[in-house]
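Trainee: Please take one part of this model and look at it closely. Then set that part against the rest of the chain.

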Amino acid sequence: MNRAGRQPRERKQEASRSLRFGPRLFIAQTQPGFEFAAWSEIKARVPAAREQARRQVGDRAGLSIFTASTPHQLRSLRCTEDVLLLAGYRYGLSSESAGLDQIRSASREAPFVEEALNARVVFQPAARAGRRLRFRVVARQVGDHEFRRVDLQRVVQLGIAERRDHTWRLDEDAADVEFWATQIGDELLLGIRLSDERMRHRDYKIAHRPGSLRPAVAAAVAWLSDPRDDDIVLDPFCGVGTVLIERAHLGRYRNLIGSDRDPGAIRAARENFGPRFKPVELHDDWDAGALPLGDASVTKIAANLPWGIKHGSHVLNRRRYGDWLAEMNRVLAPEGKMVLLTAEWRLMRDLIERGALAVEKMSRVTVLGAPASLYLCKKAVTPLITRR
Ligand SMILES: C[S@@+](CC[C@H](N)C(=O)[O-])C[C@H]1O[C@@H](n2cnc3c(N)ncnc32)[C@H](O)[C@@H]1O
């Protein structure tokens, strides 16, 4: 049983091949399981980018590791929460205390620190450069080791302080540069963070509600619906509007339709939309089980369904999910696409087995530590379940 106590799921750390370490190797960081979505956006938007590997840092992060000729286009990615440049790398580390010496020397000798400092200015034009730099180290560790995460952090701090390229001073509270040291099994990734918190938090999000999605996760849900100029996009559980606003940022569309049976959520969505992103319709009195929309009237559905944790309950979900899926399937156009995120994986499995959805791809993901599943679906032509 895992932390949420619900989804028996072992995420084995796959034995990973070593990276071809070199210059211009970037890391796009997302919530775990979303790295394929982050890479899909990078591949489409960053000319000549090539993915080299993916990694997961337990239930904390998913990483897509790729080369790109410049960092410029990476600033506008929406499915990524942070961008790092890989400044140092070591493979084949000892899991015993000798590993600490290897990590210290890898940090001291990391060859692409200067490249990362230059790339950082693209993301943060006001970033401090110069000879004297204050730094801090974020350390993460996955796998069995004879030393702890704090030991890893300490030896990286020592290694950086020993570098000759700048005068490095450890300063937790007012660092100019953030090093992220990630140890996964016998591999050390030493990145420098290029982005700051503005990449994770979006300025449109002025009204919040419990259960409101992380913007990069909402962007991934919208991105995976394969945005097209003529899209009519529906989110029948739109909450404060995060998925639809992210969709609006990803490209043109014909119409956005958001609905939620909670008027408070729709009031918040109206605040977040403001006067932007036209055309959009927001409805505060629609029940997702009885949508006042014609058959096949929308081309895309992108939604974060109630998980039964912050909204409703599992008992209620058991009663209602069948109706909701049937109704979404009814209003979806024959060539349409539907992307759904939920933690109700058992319920979804039962409904899918009964033909409620035509799932093309299902991915296990984690959102802020909570396990969930992401479903990419097309319209089920002869759904076995119809709304009662
Ligand atoms: C998980 S939240 C969605 C959050 C949203 N993606 C956001 O970022 O704010 C689920 C939403 O479904 C709504 N909801 C629950 N049951 C509903 C129903 N029968 N019809 C329409 N909306 C419903 C809740 O009010 C809640 O806002």
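Mentor: Take D226, which lies in the loop between helix 5 and strand 9 (232–235). Helices (H or I, at least four residues) and strands (E, at least two) are DSSP runs, numbered from the N terminus. Residue numbers start from 1 along each chain as its sequence is written. The model is predicted, so local features need a pLDDT of at least 70 and side-chain atom pairs count only at pLDDT 80 or more, while totals for chains, interfaces and linings use all residues. Here pLDDT is the predictor's confidence in each residue, from 0 to 100. The chain averages a pLDDT of 92, and 94% of the residues score at least 70.

D226 is not a glycine, yet its phi is positive, about 65 degrees. Most residues other than glycine have a negative phi. D226 counts as partly exposed because it has 13 C-beta neighbours inside 10 Å. The cut-offs are 20 or more other C-beta atoms within 10 Å for buried and 12 or fewer for exposed, with partly exposed in between; C-beta atoms are placed from the backbone.

L368 also has a positive phi, about 50 degrees, without being a glycine. L368 sits in the loop between strand 14 (358–367) and strand 15 (370–378). With 11 other C-beta atoms within 10 Å, L368 is exposed. P371 lies in strand 15 and is buried, with 21 other C-beta atoms within 10 Å.

The peptide bond from K278 to P279 is cis, with omega near -10 degrees. Most peptide bonds are trans.

Back to helix 5, at one end of the D226 loop. The largest nonpolar core has 113 residues, of which F26, L85, F179, A220 and V221 touch the most other members. Helix 5 (residues 215–223) supplies the largest share of this core, eight residues. Domain 1 (25–198) and domain 2 (215–378) both contribute residues, so the core lies between them. A nonpolar core means a set of buried Ala, Val, Leu, Ile, Met, Phe, Trp, Tyr and Cys residues joined through C-beta atoms within 7 Å. L85 touches F26, F112, E115, A116, A119, G191, I192 and L194, leaving out residues up to four places away in sequence. A contact requires C-beta atoms, placed from the backbone, within 7 Å.

The domain bounds come from an automatic or database domain assignment. The C-alpha centres of domain 1 and domain 2 lie 34 Å apart. Their contact takes 14 residues from domain 1 and 15 residues from domain 2. On the domain 1 side, helix 1 (residues 35–45) gives the most, with four residues. That side has five nonpolar, five polar and four charged residues. Ala, Val, Leu, Ile, Met, Phe, Trp, Tyr, Cys and Pro count as nonpolar, Asp, Glu, Lys and Arg as charged, and the others, Gly among them, as polar.

Of the 22 residues around the ligand, F237, G239, T242, D262 and A288 come nearest. A residue is near a molecule if its C-beta atom, placed from the backbone, lies within 6 Å of it. By class, the shell divides into nine nonpolar, eight polar and five charged residues.

Note on methods:
Contact = placed C-beta atoms within 7 Å.
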